Amino acid sequence: MIDITYENFQTELIDASVHVPVLLDIWAEWCGPCKSLGPVLESLEAEYGGRFILAKVNADQYPEIAQQLSKMFGVRSIPLCVMFKDGNPIDGFVGALPAEQIRGFLDQHVASEDALASADETLEAEAALAQGHPESARALLEDALARDPANDEARFDLIKLQIAEGDLEAAQATYAPVAARAEGPVPELRVNAFGRYIQAFAAAREGRAPAALAEAIAANKRDFAARFELAQLFWAAGEFTQAMDELLEIIMRDKAWSDELARKTYVAILEVMNKPQPKAPAGKAAAPAGAADGKPKLEIAGKMETTPADPVIEQYRRKLSMALF
């Protein structure tokens, strides 16, 4: 359990919630229900074994924090418990609820033990791949996905590995449970991208040889079908930049060719190459700052964490932008 103050609210509440959900209990010494709720929350924190962090703030000592959250949730009484995830307050409850009701609330926002184990195995698999152990990585990813079928990164990392190993049938089976998310009026970009990746791999197994495609392109620079086929060959072989170079040639000559197939495939390759950014909270962060009247000014919102941009991905994004505009 952590006591939140004006000095540590950014690091211990906002920043910490990017990695582990934080339940903030707003209480006061004079509040009877607060005193009965406190031990229940502490017992649940121990029961959940680190899957969420319990934080407390004294509403009398740190009124700015309490007032902002009370206003945000439209309540005037305490105890008020607010769940923070990814740097933002996302849900809450008021009053000294019984433990079973609080468990129901927590289970909506706190990852299961299997989900956490799955995430850990995904990281272990990435480390195994970096160390040149694809067999270990595949076993870890398969287990991670079995533990948590909603672990998309384990799924997509496994598909990459299956394609690299030439196992089309396994890649198709791994993708099948999420295939519907690539369709409809608003398809999911990353799911759609991996669907196109598998399609490219399947097409490459049935298509013409690289030498025959190169000969066809040399004879006719506007043989876009041959150039697209060559791009798919490169993509299936893991030669991402060569694939995008071929697609750029199509885009620069005819952006609309085959319902913008070259552009859509280029974007899909970038998405497959890219690692997802950590979830970014809305708004911006602000540390405690004194105003003219001496009262602290706080902004209850997390700061955006980003991973460093891949220079190759950024370079090819710029190339696409120049070709399109």
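Modeller: One term before we start: two strands pair if DSSP finds at least two bridges between them. Also, this is a predicted model.
Biologist: Fine. In what sense do E1 and E3 pair, and over how many bridges?
Modeller: E1 and E3, which covers residues 53-58, pair in the parallel sense over two bridges. In E3, Ala-55 is the bridge partner of Ile-2.
Biologist: What is the order of the strands in the sheet?
Modeller: The sheet is open and has five strands, in the order E1-E3-E2-E4-E5, with mixed pairing. E1 (2-3) and E5 (88-94) are the edge strands; each has a single partner strand, so one side of each has no neighbour in the sheet.
Biologist: What holds strands together in general?
Modeller: Strands of a sheet pair through backbone hydrogen bonds, either parallel or antiparallel.
Biologist: Which strands does H2 touch?
Modeller: Helix H2 (residues 32-47) packs on the sheet and touches E2 (22-27), E3, E4 (80-85) and E5. The direction of H2 makes about 155 degrees with that of E3.
Biologist: And where does H3 lie?
Modeller: H3, residues 63-73, lies across E2, E3, E4 and E5. H3 runs at about 80 degrees to E5.
Biologist: Back to E4. Is it mostly covered or uncovered?
Modeller: Mostly covered, as five of the six residues of E4 are buried.
Biologist: In what sense does E4 pair with E2?
Modeller: E2 and E4 pair in the antiparallel sense, over five bridges. Asp-25 stands opposite Cys-81 in E4.
Biologist: How many bridges are there between E4 and E5?
Modeller: E4 and E5 have six bridges, again in the antiparallel sense. Leu-80 stands opposite Val-94 in E5.
Biologist: What sits between E4 and E5?
Modeller: Two residues, and the two strands form a hairpin. Asp-86, in the turn, has a positive phi of about 55 degrees.
Biologist: Change of topic. At what angle do H5 and H7 pack?
Modeller: H5 (residues 113-130) and H7 (residues 152-164) pack at about 25 degrees, and their axes are 10 Å apart. Angles under 35 degrees count as roughly parallel, so H5 and H7 are roughly parallel to each other. The crossing of H5 and H7 is left-handed.
Biologist: Which residues make the contact?
Modeller: From H5, Thr-122, Glu-126 and Leu-129; from H7, Glu-153, Ala-154, Asp-157 and Leu-161.
Biologist: How do the residues of that contact divide?
Modeller: Three are nonpolar, one is polar and three are charged in the contact of H5 with H7.

Note on methods. Residues numbered from 1 in each chain as written. Predicted model: local features only at pLDDT ≥ 70, side-chain atom pairs only at ≥ 80, totals over all residues. Heavy atoms only, no water. Helix = DSSP H or I, 4+ residues; strand = E, 2+ residues; numbered from the N terminus. Contact = heavy atoms within 4.5 Å. Axes fitted to C-alpha atoms, helices over the stretch in contact; angles between N-to-C directions. Parallel < 35°, antiparallel > 145°, perpendicular 65-115°, else oblique. Left-handed = near helix turned anticlockwise from the far one by under 90°. Nonpolar A, V, L, I, M, F, W, Y, C, P; charged D, E, K, R; others polar. Buried < 20%, exposed > 50% of the residue type's maximum accessible area, 1.4 Å probe, protein only.
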